Structure formats: C-alpha cells, structure tokens
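This briefing covers helix packing, the ligand shell and model confidence. The sequence and structure come first.

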Amino acid sequence: MNAMMRTDNRVSRDGFLQVFNHLPVADLLHRAESATDVDVVRSLARPVRTLEDFAVLISDAANRTLENLCLQSMQLTQQRFGQVIRLFAPLYLSNECINNCRYCGFSRDNPILRLTLNVDEVVQEGRMLHDQGFRNILLVSGEHPKFVSNGYMEECIRKLRAFIPSISLEIGPMETQDYMPLVSAGSEGLVVYQETYDRTVYQEMHTSGPKKRL
Ligand code: SF4
C-alpha cells in the first residue's frame with residue numbers, strides 16, 4: 001500500500017476507525033460462506049459493487065469462476081493504472097526496533113547484530129542502486145526513537161534526492177507534524193502495512209512495544 005502523505009493522519013485514522021468499527025463483519029462473513037454460483041454471476045455483472053458483492057466475490061463459490069474474476073481484475077487495473085509496473089528497491093537504514101512482533105526478525109528481543117547505517121553509507125548504498133538502474137527507493141527501518149531520529153531521516157532523504165527522483169518511506173508510524181520535514185526534504189510516499197484487522201490476532205502477534213497499542 002502506498003499512501004501519499006497529504007492528509008492529516010489523525011483525522012484519517014479516526015475516520016477509518018469509525019468506518020471499520022461499523023463494518024458488519026459477521027454478516028459479510030456469513031454472506032461469503034453462503035454465496036452460490038448465481039450470486040457470483042450477479043455480483044460480477046454489477047457495474048458498481050457493494051461490500052456484499054465483495055463478500056460474494058471472495059467466497060468459495062467465486063473460486064469456481066476464477067478466470068472471470070482475473071479478467072475483470074485485469075481490466076480494472078489497466079483502466080486505472082495503464083500497463084505500468086512501478087519497481088522500487090528497498091534500502092535498509094536500521095534494524096533497531098523497540099517492538100516485538102512475532103513474525104519479524106527485527107524484533108527487539110531477537111539476539112541479532114544491530115546496525116544503523118550512517119548517512120554516508122546510505123548515500124553509498126543509494127548510488128549502488130542508482131547504478132543498477134533504480135530510480136525509486138524505499139527507505140526502510142525498524143521503529144526506534146533513538147537511532148532513526150534527530151534529523152537523520154531528513155538528511156538521508158535530502159542527500160539521496162540529489163540523484164534519486166522518487167523516495168518513499170517504510171518507517172515507524174509518526175504524527176502528522178513529524179512527517180512534514182520528511183516531505184519537505186523530498187520524500188513523496190509512505191508505505192504502511194496493516195498485518196491484520198482482527199484485534200485478537202493483532203494482540204497475539206504484537207507482544208510488546210508501542211505497536212501493541214490498538
Ligand atoms: S515494528 Fe516493524 S521492524 Fe519492528 S519488530 Fe515489528 S514488524 Fe519488525
């Protein structure tokens with residue numbers, strides 16, 4: 001997911017939460033479980049689809065008409081994006097992290113060698129990627145207030161922007177005002193992964209650190 005940093009993230013998050021909290025998840029699940037072949041044909045034929053159609057189209061019944069789904073999906077993708085593939089290269093800045101996430105090797109309690117590149121090393125890595133033809137770089141780091149802070153990100157972005165035209169970020173979540181200097185420095189995108197929308201599973205997967213907060 002690549003979200004441009006142009007909205008107030010607090011408003012967006014609250015807005016999203018409001019919508020999410022009112023989703024009839026149990027009903028949609030039931031709809032997916034009870035969908036028939038006829039329902040799938042009907043949902044596929046609708047010019048504008050609802051959430052209920054979505055539930056029908058991810059049902060077991062829809063599995064039986066996968067070719068049709070793929071065709072429509074391809075048409076929609078081409079309609080919106082054309083025949084374009086955007087390639088990016090991740091550049092890992094730091095594997096320091098204050099969280100423990102059960103699926104991630106950067107987890108705080110994992111006994112691994114911890115490393116944060118200095119700005120010169122970041123530029124050197126960026127140049128190597130540039131020499132290989134990459135013009136779109138994703139700066140990746142764990143979540144740690146001590147290592148990826150105090151102007152470090154801005155400096156990395158500013159130095160890379162001298163020769164990399166497109167820079168996105170995959171870093172710990174911040175408040176809107178904290179993103180502003182990064183946008184000013186030349187970053188144009190933000191990648192955020194939401195590993196699960198199931199609150200129970202979320203708690204099980206995130207065992208400690210600020211990320212555990214729902
Ligand atoms: S917050 Fe991100 S980097 Fe840190 S442990 Fe979790 S998934 Fe890994």
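**Helix packing and ligand shell in a predicted model**

In α8, the residues M153, E154, I157, R158 and R161 meet P181, L182 and A185 of α9, where contact means heavy atoms within 4.5 Å. By class, the residues of this contact are five nonpolar, no polar and three charged. Ala, Val, Leu, Ile, Met, Phe, Trp, Tyr, Cys and Pro count as nonpolar, Asp, Glu, Lys and Arg as charged, and the others, Gly among them, as polar. The model is predicted, with local features needing pLDDT of at least 70 and side-chain atom pairs pLDDT 80 or more, while totals for chains, interfaces and linings use all residues. Residues are numbered from 1 along each chain as its sequence is written, and side-chain values use heavy atoms, without hydrogens and water.

**Helix geometry**
- Helix α8 (residues 152–161) and helix α9 (residues 176–185) have axes that come within 8 Å and cross at roughly 15°.
- That angle makes α8 roughly parallel to α9 (under 35 degrees).
- Axes are lines fitted to C-alpha atoms, for helices over the stretch in contact, and angles run from 0 to 180 degrees between N-to-C directions.
- Helices are DSSP runs of H or I with at least four residues, and strands are E runs of at least two, numbered from the N terminus.
- α7 packs against α8 at an angle of about 35°, with the axes 10 Å apart.
- V119, V122, V123 and G126 of α7 make this contact with Y152, E155, C156, K159 and L160 of α8.
- The contact of α7 with α8 has six nonpolar, one polar and two charged residues.

**Ligand shell**
- Around the ligand are C97, N99, C101, Y103, C104, F106, S107, G142 and K211, each with a heavy atom within 4 Å of it.
- This shell has five nonpolar, three polar and one charged residues.

**Confidence**
- The protein has a mean pLDDT (the predictor's confidence in each residue, from 0 to 100) of 90, and 93% of its residues reach 70 or more.
- Confidence is highest in helix α7 (residues 119–131), at a mean of 98, and lowest in strand β1 (residues 2–3), at 35.
- Over residues 1–11, pLDDT stays under 50.
- Where pLDDT is low, the predicted coordinates should not be read in detail.

How values were computed
Parallel < 35°, antiparallel > 145°, perpendicular 65-115°, else oblique.
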